[in-house]
Amino acid sequence: MPCSASDVVIGCGYVGTRLQHRLSAQGVSCIGVARTALADNSRLSLDLDQDDLQPLLRVCAGARLYYFAPPSSDVLHDARSRRLIDTLQQAGVLPANVVLISTTGVYGDCAGGWVDEAAALRPAADRAKRRVDAEQAWTQFSEAAGVALAVLRVAGIYGPGKLPLRRLHSGKPLLSQQQSPWSNRVHVDDLLDTVQAVSGSATVINVADGNPSSMTQYFHCLADAAGLPRLPEASREQLQAQWSEGLRSYMDESRRIDNSRMRELLGASLRYPDLATGLAACFDEA
């Protein structure tokens with residue numbers, strides 16, 4: 001079955017769209033897959049949960065496949081990934097390799113300790129459990145089919161157009177610095193550099209800038225970069241009644257991500273190894 005594109009990006013949200021634009025600018029034949037089509041025919045419109053996935057077979061055969069679609073959210077396994085994998089297996093269609101975006105949330109709470117790729121997976125939040133299932137599903141497919149799989153466990157992504165400026169304008173207080181857990185971030189361009197560098201490899205890589213901070217520090221740095229007042233701080237006891245379940249689970253986890261493998265892969269310093277340089281670049285591009 002012929003392949004109509006050398007690269008296929010499934011899941012054209014913020015990261016997938018930027019990857020597709022980058023690949024196209026580099027002269028790489030690439031097609032995106034998302035619910036919404038584009039007028040230039042560079043994107044295939046498909047609902048991975050409900051639509052017939054047969055149109056994917058033609059583009060996925062022999063392609064470099066970047067799977068960025070988030071897991072389905074109504075169950076504790078990734079039914080979306082598993083449906084696509086079943087379709088590929090039943091048709092005997094194999095991509096050249098797969099790059100899967102996962103999350104550092106698969107490690108769960110590590111009490112602020114440093115975490116490398118050998119750490120045990122202890123997901124607590126439902127969203128992280130679904131990501132673990134996605135990793136397992138694609139790993140099983142990779143091993144059975146002999147297709148190289150790279151799993152990227154990605155920290156919080158920020159970049160141009162993906163900054164929580166509305167939160168700064170809300171005036172609502174942040175969790176006090178003393179009570180704020182360790183968290184991790186990566187600039188989208190460093191993530192995309194890693195995505196391209198790892199394509200064709202069989203590996204697991206943490207993707208973070210290597211300079212963990214807290215969510216409170218992040219918002220203070222963002223305020224400084226945007227020229228806005230810093231938000232006030234309040235105690236956990238004052239704030240937790242207002243938190244959503246998702247935010248509460250996030251605040252219950254603390255870890256610092258070791259990005260040594262990522263830095264070794266890239267062979268040089270990251271473009272944005274800390275928030276100060278990364279946030280400045282976001283506003284420069286905007």
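The expected span of a helix is 1.5 Å times one less than its number of residues, and helices (H or I, at least four residues) and strands (E, at least two) are DSSP runs numbered from the N terminus. Helix H1 (residues 14–25) has 12 residues, and its first and last C-alpha atoms are 17 Å apart, close to the 16 Å expected at 1.5 Å a residue. The model is a predicted one, in which local features need pLDDT of at least 70 and side-chain atom pairs count only at pLDDT 80 or more, whereas totals for chains, interfaces and linings use all residues. Residues are numbered from 1 along each chain as its sequence is written, and side-chain values use heavy atoms, with hydrogens and water left out.

The chain contains 11 helices and 15 strands. Its radius of gyration (taken over C-alpha atoms) is 19 Å, close to the 19 Å that the globule rule gives for 286 residues, so the chain is as compact as a globular protein of that length; the rule is 2.2 Å times the number of residues to the power 0.38. The C-alpha trace spans about 60 × 40 × 35 Å along its principal axes. Of the 286 residues, 51% are buried, where buried denotes under 20% relative accessible area, exposed over 50%, and partly exposed the range in between (1.4 Å probe, protein chains only). Among contacts (heavy atoms within 4.5 Å) with a separation of 6 or more, 79% link residues 24 or more positions apart.

The mean positions of the 28 positive and 31 negative charges lie 3 Å apart. Lys and Arg count as positive and Asp and Glu as negative, with His and the chain ends not counted; each charge is placed at NZ of Lys, CZ of Arg, CG of Asp or CD of Glu.

In H1, the buried residues are Val15, Gly16, Thr17, Arg18, Leu19, Gln20, Arg22 and Leu23. H1 is followed by Gly27, which has a positive phi near 85°. Asp189 is buried, with a relative accessible area of 10%, and is in contact with Arg18, Arg22, Arg271 and Tyr272 when neighbours within four places in sequence are left aside.

Helix H4 (residues 126–145) comprises 20 residues, which should span 28 Å at 1.5 Å a residue; its end C-alpha atoms are 29 Å apart, in agreement. Its buried residues include Arg130, Arg131, Asp133, Glu135, Trp138 and Phe141. The cover over the buried residues of H4 includes strand E4 (64–67), helix H3 (79–91), strand E5 (97–103) and strand E7 (148–154). Just after H4, Gly146 adopts a positive phi of about 70°.

Ala111 also has a positive phi, of about 55°, although it is not a glycine. Ala111 is placed in the loop between E5 and strand E6 (114–115) and counts as exposed at 71% relative accessibility.

Tyr158, in strand E8 (residues 156–158), counts as buried at 0% relative accessibility. Excluding residues up to four places away in sequence, Tyr158 touches residues including Leu163, Arg185, His187, Tyr218, Tyr272, Asp274 and Cys282. Tyr158 and Tyr218 are 60 residues apart in sequence, with their C-alpha atoms 11 Å apart in space.
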